[in-house]
Amino acid sequence: MNTNTNPNRTNRAQNRGTRGRGGAQRGPRQRDPAAGPARSTSGPPARPQQVSQGSEADELLHSHEQALAKMRREVGIRYERPIRPGFGTHGEPVALVANFFAVKITNSLIYTYHVKVEPTKNAKDVQRRLLLLLEQTNNETWQSVKSSVAFDGRETLVSSKELPQPMQITVRFFEEEQTPGLNSPEYTVSLELLRKWDISELKKYLHCDVDDDNYDISPLISAYNIVLQQHASSTAVRVGNSRYFGFPGYKANELSPGLTGLEAFRGFFLSARPVFGELMVNVGVCMTPFYKPIGRLDSAYKEFADRSKGATLQRFAQNVKVTTKYLGYTKRRTLLRITSSSADKTTFIKDGHKISVAQHFENVHGIILERPDLPVADLGTERRSIYVPLELCTIESQPFRGLLEDRETTAMLNHACQSPAANFEEIINRGLPSLALTEPKASLLDEFGISINKTMSDVPGRELPPPKSLQYHSGPLPIQPAKGSWNLTNVKFHTGASVAKWAVLVIFDGHTAPSHEDVTKVWTGFREGSQRSGMKFADQSPAVAKTSQLPRQSQDRGRSEGIKEINRTIQNLIKGKPTFILVLLPFRDTKLYPGVKRICDVELGIHSVTIVLNKVLKNKGPQQYYANVALKLNQKLGGINHTLDAESTRWLTTKSTMLVGMDVTHPGPASKAGTPSIAAVIATIDKSFAQCPASLRCQKSKQEMIDDLTEMMLERLRAYKKKSGSLPERVIVYRDGVSEGQFDTVLEHGSEKDKILDAFKAIHKETKDLAEYRPHLSIIICGKRHHARFMPKDDKHRTRNGNTRPGTVVDRRITAVFDFDFYLQAHDGIKGQARPTHYTVIYDESGLSANDIQQGTHTASYLYARATKAVSLVPLAYYADLACERARCYLDGFLNSEQPPPGSSSGKGEGRGKGKGKAVAADEREAAKQRVYDAALQAWGNGVHPNLKETMFYI
């Protein structure tokens, strides 16, 4: 639960962003009237011309308009979580179908309970298995209520009827295939009433008829999600909170070969969503990678070692569940590591004597190992190892949570991509029955009085027009984009960068070095392509240097020796003070590329662009490849590829505006524990909205809110003032990576919104102006991790593959009851089903109208500098994501560690950590994380080199 010190915004929802907006007694936040324009709050907004959805649906839309207008009159202007100011009217109406299904509820009450397990010692480790045993118990009290309850497998139970209180059930614990005995441990499961819900409260909320501004509907929505997902959670494999896989009839799709390869399964997403007038359930098709089932882990290890020439299996070993049966029953544990020593050499202390793992299994279990020369699996913890020979371990099919390789990602996308019609047909014909939402319907839904409409919802949308034109330096006419894209034939960059000197680095990696002819052909073709695009090169050849042959990857796993050789070669190259370095990589390499970027961006301060030779030399027409690289280089060097026409940016230029993009990237399963997260803040510097330098910072591991945001915003404001001569009158922030449950966290006292305001105060002190500097601030969240999808009902509004056309916007029917949100698909969905971006305005002092922000965000999507097409995410947020990805290169050894976890190299068990309490072990883990964090900060140093800080080095 968040603690909120703002008296106007206490007890915000943490789940699904469904907090109520009632409270006529709540007035607007008071501050200087000049802080923001007064938005009209009287009378309903003008109704756009919409395609009729049927009388009932039309009436619902009209009622929503009236309800919101009434609430705006009562509440007045509110900057934080503003009530929707109206609906958009721009664009051509289009009738759509969305993957949302209406939910009807007839029961009047629902009950939620807290599940408590005692004794608490080890309860967390056994709880999931314990709750499965609870379902099988013959306890009379439990049997009498079993058919009317659903639980989330953790700590919440939902019931359609009130349970006796107190309700305690004793459960004897035993493992799968183990025979319970008198010595089996007993646990007491207690069900404690949390709240009795009257469904009329939900109906009032859905009709904007709530009278408490702090009304929080999210626990009730969570309860209905537990009920709706109960069948899937008990019959399929859950990945995350709401995705389910492993339904009958779905075959695996191979992503990579071999026993240690991966395969992908299709499944379904399921979540309840409150919309005006009713509850809906959003059902989507999804796909995720799985481990292949492995009968014996030693076979997989040997195959992998042979294929990879002795490499370790650490990527495979990340968080995989291992099954063993040598104890006489089934036991599942998480694989911590695979040791570097064999079973006959890995030892530990038993009864005061050193003994090998191989000898232990022969003495205690009567098992003579077939392969004592192979490593062992450690199924324990950092505090205490549990060594098991690989030949006694099996891997069951289970989700893979690591990072996919490039070829696996490509295969995954190929398997996942289906047309909108195919996806929607699969949802109706296979998704709803598999999830037991329709016939054969789960009897539990009847217990709760729930029925699901079998028909997808009709949704009114609009197609927004593209920018009038895109401005380049020369060409027959300003380019008019069509179908979300355009080409650069016979045109030049709006502002071409100049290159006095440049250099070429040839990386010799592999058996054969690139020939002199090939190298000359590539850099010559690249220079000519850049010149055709409008860049200016001095009339001299570049300095060309080649590394010595790099050590093979099998001999240099982390490529550290190869990166040292590259560093040495670059240092010699930059003695001639080139403007940039063209790096020629023989093929894509996940270690050399980040190494090059760290050397250039952080250590030496020189711009670099990369060309992969095996791509460009095989390409019979590489001009397009060179043009794409030129798009990046021109922006890096301060040029401007293109701008929008004046009319398309008028919403930003009526007052001087700085657009800001923010994102945070986090360590993953392959990262060292304690590795920092990295935050990026990107901002425009003038009214062209083309050049967008970045500020980067490390911060606490896996923390989403940006710590050093005040200083980062100060850097961006200083850059704006330096280029434009004055500070912006408005600041519009596009914040990526924030979930719906974190919307209010951004606005909390002392969090991101306040840190931005602190930057405004700080820059005022620096400028020493007499007038207070206080620009209007707006914050818009960009969401891509959602499952809302659309399909046009009429063929004339479909693209060739059946998608909605670029510019499609939806702000009715399936959007939030109160929030100022909309779905926008600015791009052309070329492959598979297009996914729109979900934008939500969570703070607004600028008085943005629905038309302003929808049409403005759409036209801004044509400003992305790296492509000649509109992009799915507004470019400032896209740039923030790119900057985060570039920053990951600087800490690649921490974020993508191929080293096994600490302690795996010694090959000795000697009771490591044995006898230490959990508190001591936890302190040791935190200390180890802190050491990693400190080492990462040392590696980060001062971040990007001063030479590049105010450029688009990341693009």
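Visitor: How do you know that helix α2 lies across β3, β4, β6 and β7?
Guide: In this predicted model, helix α2 (residues 123–136) lies across β3 (109–118), β4, β6 and β7 (186–198). Contact here means heavy atoms within 4.5 Å. Helices (H or I, at least four residues) and strands (E, at least two) are DSSP runs, numbered from the N terminus. Helix α2 runs at about 100 degrees to β6. Axes are lines fitted to C-alpha atoms, for helices over the stretch in contact, and angles run from 0 to 180 degrees between N-to-C directions. Helix α5 (residues 218–235) also packs on the sheet, touching β3, β4, β5 and β7, and its direction makes about 100 degrees with that of β4.

Guide: A word on the ground rules: residues are numbered from 1 along each chain as its sequence is written, and side-chain values use heavy atoms, with hydrogens and water left out. As the model is predicted, local features need pLDDT of at least 70 and side-chain atom pairs count only at pLDDT 80 or more, while totals for chains, interfaces and linings use all residues.

Visitor: What makes β4 and β6 edge strands?
Guide: The open sheet has five strands in the order β4-β5-β3-β7-β6, with antiparallel pairing. β4 (149–151) and β6 (167–172) each have a single partner strand, so one side of each is left without a neighbour in the sheet. From one strand to the next, the twist averages 30 degrees.

Visitor: How do you know that β4 and β5 pair?
Guide: Two strands pair if DSSP finds at least two bridges between them. Three bridges join β4 to strand β5 (residues 156–159), and the two run antiparallel, so they count as paired. V149 has S159 in β5 as its bridge partner.

Visitor: What makes the crossing of α17 and α19 left-handed or right-handed?
Guide: A crossing is left-handed if the near helix is turned anticlockwise from the far one by less than a right angle, and right-handed if clockwise. α17 passes α19 in a right-handed crossing.

Visitor: Why is β32 said to be largely enclosed?
Guide: Buried means under 20% relative accessible area, exposed over 50%, and partly exposed in between (1.4 Å probe, protein chains only). Seven of the seven residues of strand β32 (residues 677–683) are buried, so β32 is largely enclosed by the rest of the structure. Both faces are covered, with S677, A679, V681 and A683 on one side and I678, A680 and I682 on the other. Six bridges join strand β31 (residues 657–665) to β32, running antiparallel, with G661 opposite I682. Another six join β32 to strand β33 (residues 694–699), also antiparallel; there V681 has S695 as its bridge partner.

Visitor: How do you know that β22 is mostly covered?
Guide: Six of the seven residues of strand β22 (residues 457–463) are buried. Strand β1 (residues 92–98) pairs with β22 in the antiparallel sense over seven bridges, and A98 has S457 as its bridge partner. Two bridges join β22 to strand β37 (residues 808–810), again antiparallel, where E463 stands opposite T808.

Visitor: What makes a group of residues a nonpolar core?
Guide: The term means a set of buried Ala, Val, Leu, Ile, Met, Phe, Trp, Tyr and Cys residues joined through side-chain atoms within 4.5 Å. The largest such core has 65 residues, and Y734, Y879 and Y954 have the most contacts inside it. Its largest share, ten residues, comes from helix α21 (residues 875–890). Leaving aside neighbours within four places in sequence, Y954 is in contact with residues including I682, Y879 and L882. A second, separate core of 58 residues includes V103, Y205, V210 and A436.
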